[in-house]
Amino acid sequence: MLKKYFYITTPIYYASANLHIGHAYCETIADTLARYERLKGNDVFFLTGSDEHGEKIAKNAQANNMSPQDFVDKIYLNFIQNWKEMGISFDKFIRTSDPKHVECVQKVFHKLVEQGDIYQGNYEGWYCTSCESFWTESQVGENHTCPDCGRQVHKEAQKAYFLNCKKYVPQLLEFYKSHPDFVPGGKLNEMLNTFVLPGLEDLCITRQDVKWGIPCLEDPDQVIYVWIDALLNYISALGYLSNDDSLFNKYWSDQATIVQFAGREINRFHSIYWPILLMALNLRLPDTIYIHGLLLTRSGVKLSKSLGNAPSPLPLIERYSLDALRYYMVREIVIGEDGTFTPKQFIERINSDLVNNYGNLLNRTLNMVKKYFNSVVPNYKPIDSENINKLYSDMFKLLDEYQNNMDKYNLTKGASCCMSILDLGNKFIEVQAPWILAKDPNKKDELEQSMYALEEVLRISSIILQPFLVTKAKLALEQLNVPSSLQTYSSIKEIGKLSGIKNNPPQILFPRLDVEIETKYLTELIDGKNN
């Protein structure tokens, strides 16, 4: 079977001195999908990066007594450190200040000017410096506030270049109609009803009073709008319009599956203007753009560094492990929906799923195999046992459910299927009661096959948990001493090949967390008392 090509991207974030778990969430869900597709043997190219241009960044640099380039160089290192600590397995990290990206953006601009899709005119409108977005009179309302962030906007009038969006509205609407899952979860309807159907205006795509950005070759006094610049990273990173466009021809082809992730606050750019740009360039559109929700407190307040309620992922990783944080984000928050992060909820989820369900089953199984069989996995043989046969049957059904959900990018349900398989193992122990079987010589076969079945439950669940638990699932497989040939996704239903393997000594995967102590610690971390 031929490998499938997957091109998975996340939005490139505004260069900010402080990354928090809200940023880490988007990267984690994209990375989980990338790891799942690699586990299946597919060819994946995973892109992320940093958006390094615009007025907002120039002002932040000035406030820090730094040049814009020095400022974004520092931020870039911060991104790399955070994503390394988060286990983000990107294939490329693109910076929009990279000369190759700059060259691509300028070539695209020139191409669209020549074919009449970008034209020169005069612009007067309301501008939000924080979001770096222009808005119409009706959108800012009587109070003249940004529809996205709620901050005050100001009026600007200037010579500018425009993207001819009106030209592509019929084609855009037809594409939406023929691709109902392009932006899942109802996130497209909001954009349609707010921006497109009332009459989409041509987009002002240059500024003449911003110096930190990509200049237009046609008019050096004009700088290309940061969101046109930023969106084009998805194809500039693959070498579009460059001397080496081999990656572009491979991963932006009709043979590839293109999945993009973006936050709700940039839905408009990804759902409307990105497709228009691609249509103007006569390029294919992504298969799916997932607009993920926000991380909220229990009271419904957005987690945000500016509000002081969003902790950095690094202290959480240091205290609770990388896998605990990654697992919580994917397990607890459904893609496209808002999710909550509260201290108690976080601790209880880790204890319930990772400590009790996974770690406890591994520890109990290894210790029983050690006690009854000197840590050597018994030889597999089918026996007439209703409980054992039902365990295998139920596990295989859950494996099919896992793949079905993961293939549909429903990572939360995929993680839930993993836990359900572990549930089967824990309940099986209580029903079979190996400690009783061990006392009856006539139950030797039943005891052997019960222990063997538990080894398979742990092998299989550890394989399919690897996209979520990037270190601990591997550690579990090492404790089980599973050969590499039986750690592959293609081997998950190959029952019967563990006979005679000697388990390694058990190690604690996840230590049990004291709910009261850890809730207090996390609460103080969010409040800034532990910083």
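1. Strand β11 (residues 256-263), helix α11 (residues 267-280) and strand β12 form a β-α-β unit of right-handed sense, meaning that, with the strands pointing away from the viewer, the path from the first strand over the helix to the second runs clockwise. Helices (H or I, at least four residues) and strands (E, at least two) are DSSP runs, numbered from the N terminus. This is a predicted model, in which local features need pLDDT of at least 70 and side-chain atom pairs count only at pLDDT 80 or more, while totals for chains, interfaces and linings use all residues. Residues are numbered from 1 along each chain as its sequence is written, and side-chain values use heavy atoms, with hydrogens and water left out.

2. β11 and β12 pair in the parallel sense over five bridges, pairing requiring at least two DSSP bridges between the strands; alanine 262 has isoleucine 291 of β12 as its bridge partner.

3. Because five of the five residues of β12 (residues 288-292) are buried, the strand is largely enclosed by the rest of the structure, where buried means under 20% relative accessible area (1.4 Å probe, protein chains only). Thr288, Tyr290 and His292 cover one side, with Ile289 and Ile291 on the other.

4. Tryptophan 252, in the loop between α10 (246-251) and β11, counts as buried because its relative accessibility is 4%. Leaving aside neighbours within four places in sequence, its contacts (heavy atoms within 4.5 Å) include Tyr7, Trp274 and Pro286.

Notes. Buried < 20%, exposed > 50% of the residue type's maximum accessible area, 1.4 Å probe, protein only.
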